[in-house]
Amino acid sequence: MTCSVCSTQQQDGSFCGSCGAALMGGNAAAVQPAAPNAYVQKGKELSGLYFSYFARALKSPVKAAENATQRDFTNAAITMALYALILPLIAFIIANRQSFIRVPFETVVLMPAITLFLIVAVMAGAVFACLKMARVNTRFSESSAVFGTYLIVPVALFAAALISTFIQADSLAGIFAGLGLAGFFLALNYTLTNFKSRSNGGLDLFYAGLILNIIFTIVMYVVGKGVLEAIEDSLSNSFLF
C-alpha cells in the first residue's frame, strides 16, 4: 500500500515506516467523523421551530392565535413553562443583591415556578371549560394552543424585565413585569373571543369570560396566599441561621 502523506510504498502495518502517518488501508480503522447526536439534532430542530413560532406570534398575536391548531400544543406548553419560570428568576436575582439575605433557590425559584405553571395549566383548563359552556366544538389541546400563543407577548415582556434586572434597571423591570402580568388577563379573554364564531347557542361568551376571571381571582388568592406564607417562613428561618 502507499502512504497518503509521503507516498512511500509500505508492505503492511498500521503506520508508515517513513513518516509515521496512519495507513488508511492498514489494520488501523479509518477515522470517521463522529455522527451527530440524535437528541442534540432533535433539540436543535425543536428550538428552531419554537423560535419561528415565537417570532410569528410576537409579530401578529391575533393572527397567529387564529391559525393555531392542536399541533401547536407543544409550543404552547413551552410558552406556559417560560411564563411560569421567568418571574421567579427575576425575584431571585433581585433578592440575591441583598448580601444580608440568604435566598434558597428552591424556595424563591423552583417552588413558585412550579406553582405558577400549575396556575397557568389550571387556567388553560378553565378556558376549555368555559368554551364548553358556550358550546364551542374544540379540544383541550386546541384551546390551550390558542391560549399559549396569546401568552407569547407576556413572555416577551417578562424576558425584557429579566434583561432589565440583569442591568439593574429594576424600575424598568417592574414596568415590564407588570405589563406581563396584565397580558395574562388579556390572553385569557382573547382566547375566548378567538372562538366567538364557533359558539353554538350555549352560554354567552361575555358571561363565560366573567366566570373565567372569577375563577382566576379565586385561584390566585388561594395559591398566592399559600406561596407567600411559605416564602416568609423560609426567609425567616434563613435569618435565624
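A pocket, in the sense used on this tour, is an open set of grid points with protein on both sides within 12 Å along at least five of seven lines, and its lining residues are those with an atom within 4 Å of a point. The model on screen is a predicted one.

Of the 241 residues, 36% count as buried, while the protein exposes about 14100 Å², of which carbon and sulfur atoms supply 65%. Among the contacts with a separation of 6 or more, 68% are accounted for by residues 24 or more positions apart.

Next, select Y53, R56, K59, S60, K63, A64, N67, A68, T69, R71, D72 and T149, which together line the second largest pocket. The volume of this pocket is about 210 Å³. Which helix gives the largest share of its lining? That share, three residues, comes from α1, and both α1 (38–59) and α2 (61–66) supply at least two residues each. Coloured by class, the lining shows three nonpolar, four polar and five charged residues.

Move on to R135, in the loop between α4 (105–133) and α5 (140–150). The phi of R135 is near 55 degrees, a positive value in a residue other than glycine. Most residues other than glycine have a negative phi. R135 counts as exposed because its relative accessibility is 55%, and the cut-off for that class is over 50%.

Now select S164, which has its place in helix α6 (residues 152–166). Is S164 buried or exposed? With a relative accessibility of 4%, S164 counts as buried, since buried means under 20%. Leaving aside residues up to four places away in sequence, S164 touches A169, D170, L172, A173 and F176.

Between α6 and α7 lies the loop that holds Q168, which has a positive phi of about 65 degrees although it is not a glycine. Q168 is exposed, with a relative accessible area of 57%.

Finish on helix α7 (residues 170–194), whose 25 residues should span 36 Å at 1.5 Å a residue; the end C-alpha atoms are 35 Å apart, which agrees with that expectation. To see the buried positions of α7, select A173, A177, G180, G183, F184, A187, L188, T191, L192 and N194. A173, one of these buried residues, is also among the residues that S164 touches.

Technical notes
Residues numbered from 1 in each chain as written. Predicted model: local features only at pLDDT ≥ 70, side-chain atom pairs only at ≥ 80, totals over all residues. Heavy atoms only, no water. Helix = DSSP H or I, 4+ residues; strand = E, 2+ residues; numbered from the N terminus. Buried < 20%, exposed > 50% of the residue type's maximum accessible area, 1.4 Å probe, protein only. Contact = heavy atoms within 4.5 Å. Expected span 1.5 Å × (residues − 1). 1 Å grid on protein atoms, 1.4 Å probe; cavity = no way out; pocket = protein on both sides within 12 Å on 5 of 7 lines; lining within 4 Å. Points joined across faces, edges and corners; volume = space filled by probe spheres on them. Nonpolar A, V, L, I, M, F, W, Y, C, P; charged D, E, K, R; others polar. Areas by Shrake-Rupley, 256 points an atom, 1.4 Å probe, with all protein chains shown as cover.
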